[in-house]
Amino acid sequence: MRSHARAVVIGGGVVGVSVLYHLAKIGWTDVVLLEKNELTSGSTWHAAGGVTTLNSDANVSKLQKYTFDLYRELEQVTGQSCGIHHNGGIYLAASDGQMDFLKLIHSRARTLGMDTEMISVADAKARNVLIDERHFTGALWREDGGYVDPWLVTQAYVTAARRLGAEVQRFTKVEALVQRPDRTWDVVTDKGTINAEHVVNAGGLWAREVGRLVGLELPVLAMEHIYVVTEPVPALKGLPREIINTSDFTGEIYLRQEGEGVLLGTYEQACKVWAPKVTPDDFHGRLLPDDLERIAPELERGFRHFPALAEVGIKKVVNGPFTFSPDGNPLVGPVEGLPGFWCACAVMAGFSQGGGIGLVLSRWMAEGDPGQDVLAMDVTRYGHFATPRYTAIKVQENYRRRFRLTYPNEEMPAARPLRRSPVYGALDAAGAVWGNNFGLESPLWFAPEGVAKAETPTYRRSEAFGPVGDECRAVRSAVGLTEITNYGKYEVTGRGARAFLDRVFACRIPRPGRMALAPMLSPRGRIIGDLTIACLAEDRYLIVGSGFAERFHMRWFADRNPPGDVFVRAASSSYAGFALSGPKARDVLGALADFDVSAEGFRLFGVREAPVGLSPAIIQRCGFTGELGYEIWVTPDYLPQLYDDLTAAGRDFGLRLYGGRAVSSLRLEKNYGSFNKDFRPDYTAAETGLDAFVDFAKTVDFTGRAAVLAERETGPKRRFVTFKVDAPHADVVGYEVVLKDGKPVGHVTSGGWGHAVGCSLAMGYVPTALARDGETFAIDILGVECPAVITARPLYDPEGARLRS
């Protein structure tokens, strides 16, 4: 066995071999895969091998489409079969909500260039003769997808990788991982030690144990999963082609043809965790005991919905474990604080996603950038709150809901409330309806007295529509107060802080007492963050951004190699606060502050440290509503007192509490984009319009400088725009298709109802040539092509006078 390698991949399942192949393909031929037993012997070998190109996250869908197309390429490259059955798929709906979901997915598929069609139940039955039409109301057909042979796919990856120079070592167990002072890794095995620049954890069922070798407790857990294969089904005999792969939301069943029988699986409510503490070291090529009793309710529904299956016996039962993260998406990418250590774990849909994961991870390792937006899979999306107990609770919740739709206004209840700010009780008593952001409870809206603190899950406008509208109108007409503790906060201190930030951010770094809007770019000029920087002193800065991205941004700061005289720390738990917004916000602040709060005394984007009422605070004159506003930060022990003081001072001025839903509506009316919705790593500074905050004159070679200068010369290919939409039935969710003359030309990123302007609004991207004020389009919203027109200037206060007042 060799003693050195550029990269070592641990794990010989479908994900590990994909990573190996893609690293070799990108030019890293000095790579080794280590598998402690036979290839595929963990969970890959017993997988059903289903491949779908559709996912609730559009960016994951892109990677799934790549994966399916890759199997054809592997066959051509190697001359080996992948056992591809390209028979597409059907999603069956039995309720209005499920039909809305299918219509949304169809709109997104048009955006992504995927071939789908809304079809009748009769058409669905023509493609799968087993369907009992009485149980369904409609269906979505997709052309891409089908199923593959797990063993053949794995061998094709390995063959292709070996031809490019990669090496595979089977029956080689990794016993330790030790990082040297030069940041390379000694991969200690039972056959010797390999020194490598990079290590990839693709351990599958053992990913948790591989993480523990470096002191990392990954939020990953295995669940038992059962599918059955029936005896031959007479109704399938003589068909000209296989029945189409079918997913039944109501029955919580998936099925496909297997020879003359049917493979039928489910995500049962009586789910069972496997190996909750430690994965057995010798669990290779094995299954778990049959447990049909546990899936009996789902089987009964399946037999009702596909009655021909009730007439035949069960030939085989497969009960095998595979791994999940708390939200069901993979854990991919580099780990903060462990240079050269990478994750490719918790890939429960390995044959749908494995190829895409190999592609983005190889780019990330070789080029420092995954090449596309992978936030939904990034390993940094979980913080310290994702303990093993939390993981166990959320994984089971996610497993049970694999076929139960999660609506845009729906919040998952398991393991909540977990993180709570000091004013949680007070806001709860005031009627807060709670959302969750990075494990922290955050108010979405406030139910008035006599109104239930709940709403019906829907893709349309819910019971919250009226209360949220009242909150918006209060902010526009008087003053509102919302908690912003869920924002991400970072402190950067030290003698070299300004010089360091000048390299990291594309904006001009503010002077003491000022703050700035601060785009943070990748080397390719893509948006890594849309933050603010407040300069408290020449050697002390407070940075504020999206709360979910705390670990994502901390990893980014670490990767920028801060010098020894710069200290960066996550301060999300160190600061809590409120945003005070509206034309009477100055009156409320003035009643509590001893400094000059006049427009001249405290200008827009000013920042100062001073008491507010009884609480020492950092006050920033800014906001996300387009109104006169302030963000007030205190340490958490002062937050209850600050709340009491602000609400008491606000009584005379009509102060009202508002939540995140109102913030979304208010910012839409001002054409303000939002990170993670509108601004993501797929978009450039010029495309988003954030180039307005880039300091092109500064000579510092900040990250992304060459890319934004080049784009400034050529211009962006697409632009971020706001649409006024004629949509009486529903608002956009995200990634719906934008049509021009019936053809897809762009996509939506976010939207909602503008309560102050009285219309539906949407944001998204269209080609630059079409990004003109007044240009007309249509947006497919739940199957209705709604007229939409670009409004280049905000519909509310287009001159921005209220913000600067």
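**View 1. Helix H8 is largely enclosed by the rest of the structure, because 15 of its 18 residues are buried.** Buried here means under 20% relative accessible area with a 1.4 Å probe, counting protein chains only, and helices are DSSP runs of H or I with at least four residues, strands being E runs of at least two, both numbered from the N terminus. This is a predicted model, in which local features need pLDDT of at least 70 and side-chain atom pairs count only at pLDDT 80 or more, while totals for chains, interfaces and linings use all residues. Residues are numbered from 1 along each chain as its sequence is written, and side-chain values use heavy atoms, with hydrogens and water left out. After H8 comes Gly368, which has a positive phi near 80 degrees.

**View 2. Strand E22 (residues 479-483) has five of its five residues buried.** Val479, Leu481 and Glu483 point one way from the strand, whereas Gly480 and Thr482 point the other way. E22 pairs with strand E32 (residues 655-657) in the parallel sense over three bridges, and with strand E28 (residues 576-581) in the antiparallel sense over four bridges; strands pair if DSSP finds at least two bridges between them. The bridge partner of Gly480 in E32 is Arg656, and Glu483 stands opposite Phe578 in E28.

**View 3. Ile781 touches residues including Val725, Ala727, His729 and Cys786, not counting residues up to four places away in sequence.** Contact means heavy atoms within 4.5 Å.

Terms used. Buried < 20%, exposed > 50% of the residue type's maximum accessible area, 1.4 Å probe, protein only.
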